[in-house]
Every structure is written in C-alpha cells, then in structure tokens.
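Here's a quick briefing on a strand and some aromatic contacts. Have the viewer open as you read.

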2 protein chains.
Amino acid sequence: MAPWDDLSLDETALLQAIFWSEGSSRFALSDRLEFSKSKTNNLIAGLLDVGLLEESGLRGSTGGRRPETIKLSADLGVLVGVDLGATSLDVAVLRPDLTVLARHTETTDVRTGPGVVLARLRVLMRQLLAQCGMTAKQVIAIGMGVPGPVDFESAQLVNPPLMPEWDSFSIRDYLREEYSAPVFVDNDVNLMALGELWRLQGGLQNFLVIKVGTGIGCGIVCHGEVYRGANGSAGDVGHICVDVDGPRCHCGKLGCVEVMAAAPAIVRSATEAATSGESPLLAASLEANGVITPELVGQASRNGDAAANRIIQESGNRIGQMLASVVNFFNPSHVFIGGGLTRTGPQLLASVRQSVYQRSLALSTRHLEIQYTPLAERAGVVGAGVLAMQETLKHRKASA
Amino acid sequence: MAPWDDLSLDETALLQAIFWSEGSSRFALSDRLEFSKSKTNNLIAGLLDVGLLEESGLRGSTGGRRPETIKLSADLGVLVGVDLGATSLDVAVLRPDLTVLARHTETTDVRTGPGVVLARLRVLMRQLLAQCGMTAKQVIAIGMGVPGPVDFESAQLVNPPLMPEWDSFSIRDYLREEYSAPVFVDNDVNLMALGELWRLQGGLQNFLVIKVGTGIGCGIVCHGEVYRGANGSAGDVGHICVDVDGPRCHCGKLGCVEVMAAAPAIVRSATEAATSGESPLLAASLEANGVITPELVGQASRNGDAAANRIIQESGNRIGQMLASVVNFFNPSHVFIGGGLTRTGPQLLASVRQSVYQRSLALSTRHLEIQYTPLAERAGVVGAGVLAMQETLKHRKASA
C-alpha cells in the first residue's frame, strides 16, 4: 500500500501544489490554494508526520525569519523517467522533487522493435535502481516519452511513422511484469514541454518547445497546460511544407521542413561536402570518425569551414521559416529549441532567430524569446518524471 | 441599479450556466454546476421571482413529463452586438438569450477614421433600439468586434494595419457619452470564434474559425476557451507565407496568403479577366455592376465561367495551403470558414478542403471537418453579444 492511500482531497491538492512550486513557503502555498494559514499549517504538519513531506535546507535569508523549504519526501520512493528518441535511449531515476539520482544515455535504434529496445530498457532500469540502492517496489511511477503519436489513455503508439513495429504495442503491459508502479507514456516533445512547464513553475502560460533531431516536432503549452489537439497529433510541425519544389519526404509529400532541415539532412549535406572536396575540414572529420554527426558539422563551422557554416544556416533558416508560420498563428511568449541538432552549437539558433524575426509579424515577435531549452539534454527525462509524478497525484485525487 | 446587483456567487454561476447551455433542464444544470437538485431548484425559483430568469415554450415531449426551458429573462434588457469589418458595419440588438431583435448591415470604410464610423454607429444603435421599443438605459452591455489587434483590457486597437487612425482611440469613452452600459471590444474573428463556441454550448473544445474578407484572420478555441496568445495577436494567419516568390503584401513581406487569396486579390484577378477579354461573363458583369465583387465571381463560376472558376480555385488552394500548416500544428477537430469571401459559394470551400487534405498529415485530418461557419453572416454580431453578456456576468462574479 502506497503511503498516500489515505489522503484527503485537500492533502492531495497540497502535495500537487508543492510538487509544482518547489521551495514555496507555507504562506505562498496557503495563498495559492486559497486555504487559511492555519489550515495549511495543520495539513503540512500532518503530512510531515506521516513522512510524505520533508523540510530541508533553509532558504537564503531575506532579512527576516528564514522560511524552510518543504518538498515531497524522498521516503515516498523514486520515479523512473525514460526518454526514447529515434536513435537514443535516456533513462533516469529521480527523487519525487525531480532531483536526478542516476542517469544513463546510450544510442539505440527504435526500428529494431519494442522487444529489443524494451528488454534493454529493463536492464538499464534495474542497473540504475541498484546504483541508487532502490528496488522495483520503491518505484512510485514510470514516465516514458516516445518519438511518435501516442494514445494517452492506453499508453500505446498510434501509427508511428518512424517505428511501425511499435504500433499498438503495450509498453505498459511489458513493464508490468517487473513493476507494479503505474506507467504513463506520451510523445517525447510533449514531455519536453511538460518538463519546461514544471521548471518554470507555471510562470509562462503560452510557449512552444521544438525538438530537432531525426525528426522535427513541437510541444505546445496553451493556457498553462500541455495541448495535445483533437486527436493527439498537435505539434506535428515536421511536415509543414517550406518549399513546394523541395525533395520528397518519407511521408510522401514534397519539401517538408523535416526532410530539408533535420539531422539526416545535415549529415547528408555535410557528407556530400566532405566527399566532393568542397570542405577539407569535413573530409578530415569523416576520415577520422567514420561518419559525420551534427556535432562534427558544428565543430567544423566554428573552425571557420564555409560549407559547414552554410549547411547549418540553411537548416536554421528552414526551421525558422516553419516557425514563422507557427508564431504568427500561435503568438507564443517563448520558443525553446531542443533535441540532438542543438549540438551543432549557437549558429543554428542564430539562423533560426534571424529567419523568424524576418518572416513573422512585428506584433507576434515584439516580446518573443527564442532560445535553446534551459533543461537541455535533461528535458526529456525530467518531463517523463513530471508526467509520472503528476499523473500519480492526479489519480490519487480522482480515486479519493 | 441593475437587477442583479445583489446576487450571490451561486446565483451568478447559475446564470452563466444557463447562458451557456440554452434550454437545459433543471437536472442538467444541477449536474453541470455540481449543485444538489434542491439547491438548484431553490436558486431558480428565487431568480424567477425577481425576474432574472423566465420559463418559456415547453420542450418537445420525450414521452414523460415535459421539462420547461429556462432562460435569461427578457426583462433584463437588451445587448448590442457590433461587427465592424474593414468595409462593413453590422449592428444588432439582441435579447439576453441572443435572439436577434433587430439588425442592420451596411457598407463602410474603416479608413475614414473612428469619428465618422462611430458617429454612424451611434445613429444606427439609436434607430435599432427605437425599433425594438428600447432606450439606451435598457442596454445591459455593448460588445464590438473590430478588424485589428485589440488590447482587451483597455478596449483599444493596437497598431491596426488596416486602420491606423484607430490606434489607441477609445471606443469605450466615445460610447459612454450616450450609454452607461459597459463596452467590450475584441478582434472580429475572436468574436466569431466566441459566437460558435456559444452556439456549440461547449460541445467542441479545439477548433478554428477562419475569416476571409478584405484580410484573413483566425479565431482559436483551445481547451474550450478563446485563445488570444502572449500579446493578443494569435491567429494572425493572413501573413503566413505561401509563396516565397509571390507578390508583395501591404505588410512588406512577399507571398502572404492575404495578398494572394483574400477578397481584393479575387476582385483584382476577376477584373483583369473581365477587361482582358478572357472572360465575357465577367466582362458583362463588370459592365452591368460597375465593379466586380466576390459574389459576382461566384455567380460567374456557377454559370460555367472558366476564369472565375480558376480564380476561386486558386484562392481556395492558397488558403488551404496556409491552413494545412496550421492544421498540422494545431490538430483542431473543426475549421469553420466565414467572412465575405464565402459569398463566392461552395467552390471556395471545396478548393480549401482539397488543398488541406492533400497537404496535411493523415492523422491530423482523419476526423477533421472543414465547413462554412454555421452562424454564417450572423457570427460576428452574435459573438459580440456573447462577449457582452459573458463579460457582464463575469464582472458581476468578480465584484460579488
């Protein structure tokens, strides 16, 4: 029996508020929940008593009394956050306050199918939990991001273009063999958006997270909530057309931003520049490493290679062209860019910005900020952890 | 003193629920508000007594007892809804349940400035109220849609590209000279979206309303609420680029969908086809009417004119091209198209649909419905009425 099986609605609301506003004072919490100070104090005292909350490290002095930091107790157990990309697997064990306790990242290939990938995931989860001195029983919940459209209720992928073998496969059932904890699955970029929303503690209401890696996707936060669209496919910006005469995309259409600007396009152009003799630097890089990666293109660009520079600029311009349409439509306050392509370095971001500011309306961009995701490479696993904790608290509330 | 100056929060919540769910039974209302049946009955009885609600026309028999229809009382007064387009002025007097009591539409030109346009509006309001046997004192609230970006709090236009003279002009102060009722102003297409949201009684959560007239704009409903964006400029889709080599738009950029597909583009192309001899039908139409309107182009197309048909198709395809990007990003369940260009007839809609289904992802369009706005030409004034009533009830609540 989980330690919170006997909570009242008020207690659950308080736990949610604490999860979403790390380090809040009792006063701020009572204000946020519209509870009286004494009610808040009593609830907190009770939850401290049963070990659901803990007080820790005093906050910096503000001249007066030092208010203590209240957070979800480490005694609750741990969360597992998984960020599965088309070519990468990132797994983390996190405390209930989302501190990363252990983490491992490696390359993978989702096209090998769920059997291979999930067997490996299970091994990694076991290893990471052992590393933290934890067992499967101490896992509160598991959150997982996957690079395709997800039916959120069933936690299954629906017609994923990059990974057809995963269609309707039950990740939940697979993990249930070893874990009794609930499993929540969502699209990877929705989880990046959820992670940033958590980091910002609700400070921004309307923003976008663009992931640029093997594909291009977008997480949408609207009215302070992740927006999934009528069929869960919102944010599928990779197949927005940026050149009606462009090359054919794997989706069958011409000139999608994904086929023109994502990682495979950059690698292909850079490999051409290396083998055609256009870029001696990329040629040397190819010889030394066997393959060209976006990171190596970024390195060559910073070392003054004109071809590498042009390739990154073209990609950034195309992404910016797509983003300009999206910004005109959605008028977000911030656009955060994440994913493997950010490893090319600051040149990509500069090109995206230039292209957006040039093509969007002045009113939409007047206060618009475009930057790399502040959670950087952790955005995926942190978002998966947020999903796991948030849904667990929500379900508590629903069954209370 | 308004008849609702002494309402409790519960009573206000009930009035709001009744406004948003016309003809609901007492049972449905208590369910919706999570009030007990006896509490709901008591509240309704009280509000019937003081004349804020009225019972009317029995609903169709469902075999058992006939439940009565409860709605906001006509004794409350009337709403004024104004839909100002770039070239049209549409004014209506509505009952609190949004039945249109009197309505007048005429052409205008917003570029003549607020003095001229609002003086005419004042005359029309006076005439329409007199027509209903009403006075300025019986106006509950005034709602107005304008064809430009609006700062909702101050009810002022902000840098409106089509109507620079209106920048920061206070419509609210102007109307206050004659009306003590509150005045609410919003962008015209946001109000169309609000009108459809009201008509649907919250049945759809995520949909778009596209207005195609002199300009092209989009109203966004997200999570069941009108979404205005970080700076109130969300839905500014008219300047999404659909052809990088296209003609220059008044905004300074190339190939905006507005400059290629809105009413002025259709009129220009059709006038060319008339004068060049390409289309004898359009030439005859031009001679008979002095000018070509979108309606006349539609008529020529239905009479088999190839040039008219091509012009409408091209416009629909461009609008569909823009919409395909927006649909991939937002994944709405419905797109409703309104505005003056719909007067060209069904051909435009067919071309838009074809273009969207061809260019958007299968997952985004699987259940997508694209149709003309069901409220048709009334969408603007009804939306303005919804704004007026909704904000009045909201402010009641805030000050309760």
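**Aromatic pairs and a buried strand**

Phe336(B) counts as buried, with a relative accessibility of 1%. Keep in mind that this is a predicted model. A search of the whole structure turns up 13 aromatic pairs over all chains, and a couple of them are picked out below.

**Ring pairs**
- Tyr227(A) and Phe330(B) are stacked, because their ring centres are 4.6 Å apart and their planes sit at 20°, under the 30 degrees cut-off.
- That pair crosses between chains, going from β12 of chain A (residues 225-227) to helix α11 of chain B (residues 306-330).
- Tyr227(A) is buried at 1% relative accessible area, and Phe330(B) is buried at 0%.
- Phe207(B) and Phe336(B) pair edge-to-face, at 5.6 Å centre to centre with 75° between the planes.
- This one links distant parts of the chain: Phe207(B) is in β10 and Phe336(B) in β13, 129 residues apart.
- Ring pairs also tie Tyr227, Phe329 and Phe330 of chain A and Tyr227, Phe329 and Phe330 of chain B into a cluster.

**Charges over rings**
- In chain A, the charged end of Arg228(A) sits over the ring of Phe152(A), 4.6 Å from its centre.
- In chain B, Arg228(B) lies over the face of Phe152(B), 4.7 Å from the ring centre.

**Strand β3 of chain A**
- 7 of the 7 residues in β3(A) (residues 78-84) are buried, so the strand is largely enclosed by the rest of the structure.
- β3(A) runs parallel to β6(A), with 6 bridges between them, and Asp83(A) stands opposite Gly145(A).
- β3(A) also pairs antiparallel with β4(A) over 6 bridges, and a hairpin of 3 residues joins the two.

Definitions and conventions
Residues numbered from 1 in each chain as written. Chains lettered and ligands numbered in written order. Predicted model: local features only at pLDDT ≥ 70, side-chain atom pairs only at ≥ 80, totals over all residues. Heavy atoms only, no water. Buried < 20%, exposed > 50% of the residue type's maximum accessible area, 1.4 Å probe, protein only. Helix = DSSP H or I, 4+ residues; strand = E, 2+ residues; numbered from the N terminus. Pairing = 2+ DSSP bridges. Phe/Tyr/Trp six-rings, centres within 6.5 Å; stacked < 30°, edge-to-face > 60°. Lys NZ or Arg CZ within 6 Å of the ring centre and 35° of its normal.
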